[in-house]
Amino acid sequence: MLKLDSPTESKQVKLSEEPIASSSQSVKREEVKTTLPSVGTTTASTNKSHCILVHPKQRGNPLLRSIVNVPWEYDDIVPDYIVGRTSCVLYLSLKYHNLNPDYIHGRIKKLGNMFQLRVLLAQVDLKEPHAALKNITRVCLLTDLTLMLAWSPEEAGKIIESYKMYENRSSDWIKERPADDSYTKLVTALSSIKSVNKTDSMTLLQNYGTLENIMKSSEERLVSCPGLGPRKAKKLYKLFHEPFCT
């Protein structure tokens, strides 16, 4: 009798231990489930830093078709576009501004001081834009906004795209870089002459070697230079042989 009782007791002990193990596993699973959503939310928010955020009301704006080098997506934001951690853009059509002059004031008031760089991108779509431009220039001066002008939706899109592309770069990237050698300087100088392009300048230097030889050349010889033609040759010869005005 004693031998039969001992196995049953050991089985009861094993059975009582199993629920404890399963309950501890269920607690661990619940803890994992509660922590996963917070990780996903953080990842989603950080992923948006690489793209331009667009206000849903800008849906259908043709300038969006010109933003091709930087990803963008719609989001519930205050400005029309967020192009950086501290930079935003408000878009304004001058035609719309003439019809609703109070619109931009409400947008600026709602925006407040949320961003360090606040850009007002105005699309010049009026035949006589001077009065409207004067008005929004005054608005920008009084509210500390940077005014940018675009004459087409394509140009407006490229301006927004450029702000995002140069977000983390220094101002040296957008400065004109000085020529490093005399040949490049000569090409730039000759290209500054009206109707003479960079290819013409390079052809002239290839055929004549120096600027002095180009200046001493006759008009007939300049015409024979490949790609130059009589009209460009005449302008070039006249430029080098006319006296400077005093």
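**Helix α10 and its setting**

Helix α10, residues 229-241, has 13 residues and reaches 18 Å from its first C-alpha to its last, close to the 18 Å expected at 1.5 Å a residue (the expected span being 1.5 Å times one less than the number of residues). Helices (H or I, at least four residues) and strands (E, at least two) are DSSP runs, numbered from the N terminus. The structure is a predicted model, in which local features need pLDDT of at least 70 and side-chain atom pairs count only at pLDDT 80 or more, while totals for chains, interfaces and linings use all residues. Residues are numbered from 1 along each chain as its sequence is written, and side-chain values use heavy atoms, with hydrogens and water left out.

**Faces of α10**

- The buried residues of α10 are Lys232, Ala233 and Leu236, where buried means under 20% relative accessible area, exposed over 50%, and partly exposed in between (1.4 Å probe, protein chains only).
- Packing against the buried residues of α10 are α7 (198-208), α8 (211-216) and α9 (219-223), contact meaning heavy atoms within 4.5 Å.

**Confidence**

- The mean pLDDT of the protein is 78, and 75% of its residues reach 70 or more, pLDDT being the predictor's confidence in each residue, from 0 to 100.
- Where pLDDT is low, the predicted coordinates should not be read in detail.

**Nonpolar cores**

- The largest nonpolar core has 21 residues, and those with the most contacts inside it are Leu90, Leu94, Ile104, Ile108, Leu120, Ile136 and Leu145; such a core is a set of buried Ala, Val, Leu, Ile, Met, Phe, Trp, Tyr and Cys residues joined through side-chain atoms within 4.5 Å.
- At least two residues of this core are supplied by each of β4 (87-93), α3 (103-111), β5 (117-123) and α4 (130-143), and the largest share, 5 residues, comes from α4.
- A second, separate core of 16 residues includes Val54, Ile67, Tyr91 and Leu121.
- Leaving aside residues up to four places away in sequence, Ile104 touches Leu90, Leu92, His97 and Leu120.
- His97 is found in helix α2 (residues 94-99) and, at 4% relative accessibility, counts as buried.
- With residues up to four places away in sequence again left out, His97 touches Leu92, Ile104, Ala132, Asn135 and Ile136.

**Helix α3**

- Ile104, Arg107, Ile108 and Leu111 are buried in α3, and they cover an arc of only 95° around the axis, which puts them on the same side of α3.
- Lys109 and Lys110 are exposed on the other side of α3.
- What covers the buried residues of α3 includes β4, α2, β5 and α4.
- The residue that follows α3 is Gly112, whose phi is positive, near 60°.

**Salt bridges**

- The count comes to 5 salt bridges, a salt bridge being a side-chain nitrogen of Lys or Arg within 4 Å of a carboxyl oxygen of Asp or Glu.
- Arg107 and Asp80 meet through their side chains in a salt bridge (3.1 Å, N to O); the pair links distant parts of the chain, with Arg107 in helix α3 and Asp80 in the loop between β2 (72-74) and β3 (81-84), 27 residues apart.
- Both Arg107 and Asp80 are buried.
- Asp200 forms a salt bridge with Lys232, the closest N and O atoms being 2.6 Å apart, and this pair also links distant parts of the chain, Asp200 lying in helix α7 and Lys232 in helix α10, 32 residues apart.
- Asp200 counts as buried at 5% relative accessibility, and Lys232 is buried with a relative accessible area of 14%.
- Glu161 forms a salt bridge with Lys158, with the closest N and O atoms 3.3 Å apart; being 3 residues apart in helix α5 (residues 153-165), the two are separated by about one helical turn.
- Within this pair Glu161 counts as buried at 2% relative accessibility, whereas Lys158 is partly exposed, with a relative accessible area of 36%.

Terms used:
The arc is that of the directions from the helix axis to the C-beta atoms.
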